[in-house]
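Welcome, and thanks for taking a look at this one with us. Please have the sequence and the structure open side by side as you read.

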Amino acid sequence: MFSNNLKINTANAVTYITFPKLEKTGLVNHLFSTRLGGVSTGIYSSMNVSFTGGDQRENVLENYKRLCNCIDVDINNLVLSRQTHTNNVKVVDKSHCGTGVFKESFNDIDGLITATKNVALVTQYADCTPLIFLDPQKKVIATSHAGWRGTVKEIGKKTVEKMSLEFGCNPSDIIAGIGPCIAKCCYEVDDPVYSEFIKLDYLQIDKIFQKKPNGKYMLNLVEANKQILLNAGLKLSNIDLSDICTCCNAKELHSHRATNGKRGNLGLIIELK
């Protein structure tokens, strides 16, 4: 696994990924996990962050502890949701800490926002697109889960709009990252998926889809989400773009497609310092 755009780190035998533009601000603790450095076994090996996929709870808790230790986050501050490929985004605060870990998870929420320090937002992935946000002016953070359904439902744009509505964020101030996901090299889709994307008339479809002789398409989720964030008012110079394919790097990253669904989850964590 290699990247020109994102930073790959190892601490205490745990390998994780960070976003340089967010890191440079010094305002957040954050990471995107890999499969490396956890205690889970079998198909979940070894760093799995899903409590609902069949792994042993004590293993997942230990995995979270190890990740949190890497970035100085208290495990009790984590906030998780049950993601269902919606574009629903929820604002949370200190009262929600422990949700999804030590108390019942939110249902049908694929994006989380907070302006409260020491509230660690968590979203999960295994080929879908991680989105991470920071407004350094208003001190607001967010993270969203964007599979192809969430992407075409513009969850990235919905997250930015909610940051603006709830906290007065100016999109041009927001720093964002588009994390490791299944890349165009590995992501073949059919016409029904293509047909949904062409409904968004501002997208440059020829940069997002590559048509194949068999009538199917190769889909570039990073490009699609980049265009959606630009349409939402973000500056290209404020976005870190992943160049890591989860499917190509299935030994280091959980990939649904590479394993036919026999896998754990990767986690994106962000907290205001």
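Predicted model: local features only at pLDDT ≥ 70, side-chain atom pairs only at ≥ 80, totals over all residues.

**Around histidine 30**

- Histidine 30 belongs to strand β3, which spans residues 28-33.
- With a relative accessibility of 4%, histidine 30 counts as buried, because the cut-off for that label is under 20%.
- Neighbours within four places in sequence aside, histidine 30 touches Thr18, Phe19, Leu22, Glu23, Ile71, Ile132, Ile269 and Ile270.

**A three-stranded sheet**

- Three strands make up an open sheet in the order β13-β15-β14, and their pairing is antiparallel.
- The edge positions go to β13 (188-189) and β14 (209-211); each has a single partner strand, so one side of each has no neighbour in the sheet.
- Two bridges link β13 to strand β15 (residues 217-219) in the antiparallel sense.
- Valine 189 has tyrosine 217, in β15, as its bridge partner.
- As background, strands of a sheet pair through backbone hydrogen bonds, in either a parallel or an antiparallel way.

**Nonpolar cores**

- The largest nonpolar core holds 39 residues, and Phe133, Trp148, Met163, Phe197, Phe209, Leu219 and Leu229 have the most contacts inside it.
- Helix α7 (residues 221-231) is the top contributor to this core, giving five residues.
- Phenylalanine 197, neighbours within four places in sequence aside, is in contact with Trp148, Thr151, Val152, Leu203, Ile205, Phe209, Leu219 and Ala224.
- In soluble globular proteins, nonpolar side chains tend to be buried together.

**Asparagine 225 in helix α7**

- Is asparagine 225 buried or exposed? At 1% relative accessibility, asparagine 225 counts as buried, and its place is in helix α7.
- The side chains of asparagine 225 and threonine 151 are joined by a polar contact of 3.1 Å.
- Leaving out neighbours within four places in sequence, the contacts of asparagine 225 are Thr129, Leu131, Ala146, Thr151 and Ile178.
- Thr151 is in contact with phenylalanine 197 too.
- From asparagine 225 to aspartate 243, the separation is 18 residues in sequence and 13 Å in space, C-alpha to C-alpha.

Definitions and conventions
Residues numbered from 1 in each chain as written. Heavy atoms only, no water. Helix = DSSP H or I, 4+ residues; strand = E, 2+ residues; numbered from the N terminus. Buried < 20%, exposed > 50% of the residue type's maximum accessible area, 1.4 Å probe, protein only. Contact = heavy atoms within 4.5 Å. Pairing = 2+ DSSP bridges. Core = buried A, V, L, I, M, F, W, Y, C linked by side-chain atoms within 4.5 Å. Polar contact = N/O pair within 3.5 Å; in protein donor to acceptor, adjacent residues only side chain to side chain.
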